[in-house]
Amino acid sequence: MKTLPELFSNNQKWRVEIEKQHPGFFEALGQQQSPEFLWIGCADSRVPANEVVGLMPGELFVHRNVANLVNHTDLNLLSVLQFAVDVLKVKHIMVVGHYGCGGVKASMEDEPHGLIDNWLRQVRELYLRNRKKLAELPDDQARLDKMCELNVARQVINVSNTTVVQEAWRRGQELTIHGWVYGIGDGVLQDLDIQIQGNKELRTLENNEYDSCSN
């Protein structure tokens, strides 16, 4: 007997509906995947990548973790990134944060949270570097929103500095890194106007990281 039968029932309904709308969809999907996009997002259950941008299975390659981080020691992410860039030849990598991110919020608090503090170390350091500027904002919500945006900008920088992306640009591969943020409370996906297509734009973002994000 299957456990969680309601989920299997939902799967059957979903499969039938997709096949009804797009005859032969799963047969074609099983032959190959050729997405143009890699989404690097938060593991938060309220941010379903495909649904947010209205793309079907096979159209969006996805990697998710707590606080949408790009750590240069994370072999999981780096493997996803290399496959997406070198094999799938994606043209766009979107780093997508979201307002109200629990991981970002935890990194701003002056109290221990256990194991997760190790994962969030770089976000904590980002917060401490910008603490004085953030204090100028009117309230805690505004500070958290700004930190979520700053975290996206920092992860765009991190993606752009990986050997995978640097090698792709060096060989002239078309590849753009974007920074976006999603509003859970209203469903709005916001472009932070961060688009990096090479090292010149990357250096500009690195030099103006705080001011590159909207208030």
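**Close-up views of a predicted model**

**View 1. Strands β1 and β2 run side by side.** Strands β1 and β2 run parallel and are joined by 6 bridges; two strands pair if DSSP finds at least two bridges between them. Look for Leu 38, whose bridge partner in β2 is Phe 61. Helices (H or I, at least four residues) and strands (E, at least two) are DSSP runs, numbered from the N terminus. This is a predicted model, where local features need pLDDT of at least 70, side-chain atom pairs count only at pLDDT 80 or more, and totals for chains, interfaces and linings use all residues. Residues are numbered from 1 along each chain as its sequence is written, and side-chain values use heavy atoms, with hydrogens and water left out.

**View 2. Strand β1 also pairs with β3.** Here β1 (residues 37-42) and β3 (residues 92-98) pair in the parallel sense over 5 bridges. Within β3, Met 94 is the bridge partner of Trp 39, and Val 95 is the bridge partner of Ile 40. How many residues of β1 are buried? The count is 5 of its 6, so β1 is mostly covered; buried means under 20% relative accessible area, exposed over 50%, and partly exposed in between (1.4 Å probe, protein chains only).

**View 3. Five strands form an open sheet.** The 5 strands follow the order β2-β1-β3-β4-β5, with mixed pairing. At the edges stand β2 (60-65) and β5 (189-196), each with a single partner strand, so one side of each has no neighbour in the sheet. From one strand to the next, the twist averages 20°.

**View 4. Helix α4 lies across the sheet strands.** Helix α4 (residues 75-87) lies across β1, β2 and β3, and runs at about 170° to β2. Axes are lines fitted to C-alpha atoms, for helices over the stretch in contact (heavy atoms within 4.5 Å), and angles run from 0 to 180 degrees between N-to-C directions.

**View 5. Helix α7 has buried residues.** In helix α7 (residues 121-129), the buried residues are Gln 122, Val 123, Arg 124, Leu 126 and Tyr 127. What covers them? Their cover includes α5 (102-107), α8 (131-135) and α9 (140-160).

**View 6. Leu 7 sits in helix α1.** You can find Leu 7 in α1 (residues 5-21). Leu 7 counts as partly exposed because its relative accessibility is 49%.
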